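Please open the model in your viewer and keep the selection panel at hand. The stops below are meant to be followed in order.

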Amino acid sequence: MAPAEVRKVPTTCLTCRKRKVKCDGTRPNCLRCAKARLTCDGYPSATALPSRRKDTPEARGDHARNLQVRSSRIPLLPKRSTPLDACPTISRPPGTVPFSSKQALYADVYRYKVIPKLPDREFWHRIVQREAVSDESIRDSVVALGALWLAQDRLKTLRRTDHSQAQVFDSDNPFPKDEIVEANYREAARSHTHAMSLFRKRLIKEGSTMTPRSIFIATYLFVMFEQNQGNSKEADRLLVFAMNILYNHLAVFKATRQLPYQLVSALAARMDDEGLLEAERRFTHMALVNPNGQRLSPAADKWSAGKNLAQQIMLADVPGVESSVNYLLAEWDLFISRTGLWIWRFAPESIFVNPDAEGRAICSTALTLNRRWRKVFEDKLATETRSEHRVALESTLTNIIMSFTCWASFTDPTEMAWDAFIADYQAIMDLIDLTKGRSVLPRFESFHIDLPHLLYFILQKCRDRDTRQRALGMLRDAVRADEGDHLKVMLAACEAHVSYEELGRDHLTGVIPASKRFLWTGQSSNQDGTSLVLTLTSALPDSTGKRTTEIINVGPGQLNK
């Protein structure tokens, strides 16, 4: 059967077609030509257009042959051997943990918002997310971190709005008057509590058969949540718990000499390699930054771990300047971790008051080695040309200088020994100026101390007026650049501490006497971050043996300026 003719009715007049403009199709003369004051030449006659496809026996035969040739080149699926109803239903793989839609949302927040701000990103991005699929407690911890980030980010957004603080926040209510913030805080608390409950049950059920790797990952997540909440005491308690269980498996306690970035650890499997090792390094460093933290349990086996650390410090050596940057950084990391853990976590507390002969020998050896480390890093920095290596060396050199001043002065209860290191504090701030605006490579981030924490340490321990004012100025610049609530609280507390101690400065000598020196021993703030209570304790006790405690209230004006 021959195809019917298809007639096409033209809708554009000849004049508009010549002008290449759109015609309105009005007959007999279009209005577009009339508006343009042109003569409309009318429309062409309708033409019969044949079908594009030829429906003839020859054409149909060619089309069939083409299909046959093409089908012979494509591998076809085999025919079904069983009826469709007899096939089993598809279920999720065994051992995987399902995510609800809400949990998936918080997990995405964790992936795209939380992870980029963490230093050891390979661990958080690859290992934790992989474990969250098979471990329900880790899944809930990931959800808790995502929900907490959303709540805190919402709070920052509310503070930037034009609404008054009274309309948004209520100091009598633990949650702000915002449904989104309240819901996210509640979900974060619920998920974190559920994760810890599941972890405890699993620990009781499996006991010693539970792998150290699982204990480490879960505990690290709990510590990060508590730190983000500002609960440093609970975070430190969890750190001590993990150290007590895992001290036999952490690389820092291994006595063998190790190659750079190849630390011997029982935590990391082959597939985890650098990710878990970097996380272990960061986790160990977290135990060093809280000098007032809890001591590790002095049980017989754990106390032997402390003795092994002391022995490793006494037998330690410093590499030469000809060593590679990677090797120097890895060896320095082992030295600082072992020495810091021994001082702050393993050594008896009497070392701070009346160190025995062994304690004095270890401290003296640590200080001697620290001086040699500083000389090696300074010489290496003078000859290094690669920019990323220079930044890593400069950042680590600030760590070396800071640790030296700390170890040389921590046994002095009067706080007067810190005055001997004003030149070192100035050197640290000079190094900060050199590294400002230059990022550290991810593999060197664990050796880097954040700028605010360096300045915070200087402001707490250095009583020189000019040095303190320079550190305060640098901290104010850091707050203006970051605008984070944590930095604002740190700046306000440092300013309050410095201002209070300046009242006791002797105008004749220019020195703050030991009786007028105070230690920053505590702080607390309300949920909305609009007020801060700072606790200062005198460095020396009075005639009755008691230390004076001063409470300083920091108002919203100082926190939000």
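The tour goes from the whole chain to an aromatic cluster, then to the nonpolar cores and the cysteines.

**The whole chain.** Begin with everything displayed as a cartoon, keeping in mind that this is a predicted model. The secondary structure comes to 20 helices and five strands, and buried residues make up 44% of the 561 residues in the protein. Among contacts with a separation of 6 or more, 67% are between residues 24 or more positions apart.

**Phe216 and Phe283.** Next, show the aromatic side chains; a search of the whole structure finds 18 aromatic pairs. Select Phe216 and Phe283, whose ring centres are 5.1 Å apart with planes at 75°, so that the pair is edge-to-face. This pair links distant parts of the chain, since Phe216 belongs to helix H9 (residues 212–229) and Phe283 to helix H11 (residues 273–286), 67 residues apart. Both Phe216 and Phe283 are buried. Now extend the selection to Phe123, Trp124 and Tyr220, which ring pairs link with Phe216 and Phe283 into a cluster.

**Trp124 and the largest core.** Which residues touch the most other members of the largest nonpolar core? They are Phe123, Trp124 and Trp342, in a core of 126 residues. This core draws at least three residues from each of domain 2 (96–165 + 173–210) and domain 3 (227–294). Centre the view on Trp124 and, leaving aside its neighbours within four places in sequence, select the residues in contact with it: Tyr110, Ile115, Leu118, Gln129, Tyr220, Leu221 and Met224. As background, in soluble globular proteins nonpolar side chains tend to be buried together.

**The second core.** Move on to Cys13, Cys23, Cys40 and Tyr43, which are included in a second, separate core of seven residues.

**The cysteines.** Finally, display the cysteine sulfurs. How many disulfides does a search of the whole structure find? The search finds zero. To follow the reasoning at one site, select Cys13 and Cys16: the sulfur of Cys16 is the closest cysteine sulfur to that of Cys13, yet the distance is 3.4 Å, which is too far for a bond because a disulfide requires the two sulfur atoms to be within 2.5 Å.

Key. Residues are numbered from 1 along each chain as its sequence is written. This is a predicted model: local features need pLDDT of at least 70, side-chain atom pairs count only at pLDDT 80 or more; totals for chains, interfaces and linings use all residues. Side-chain values use heavy atoms; hydrogens and water are left out. Rings of Phe, Tyr and Trp (its six-membered ring) pair if their centres lie within 6.5 Å; planes under 30 degrees apart count as stacked, over 60 as edge-to-face and the rest as tilted. Helices (H or I, at least four residues) and strands (E, at least two) are DSSP runs, numbered from the N terminus. Buried means under 20% relative accessible area, exposed over 50%, partly exposed in between (1.4 Å probe, protein chains only). A nonpolar core is a set of buried Ala, Val, Leu, Ile, Met, Phe, Trp, Tyr and Cys residues joined through side-chain atoms within 4.5 Å. Domain bounds come from an automatic or database domain assignment. Contact means heavy atoms within 4.5 Å.
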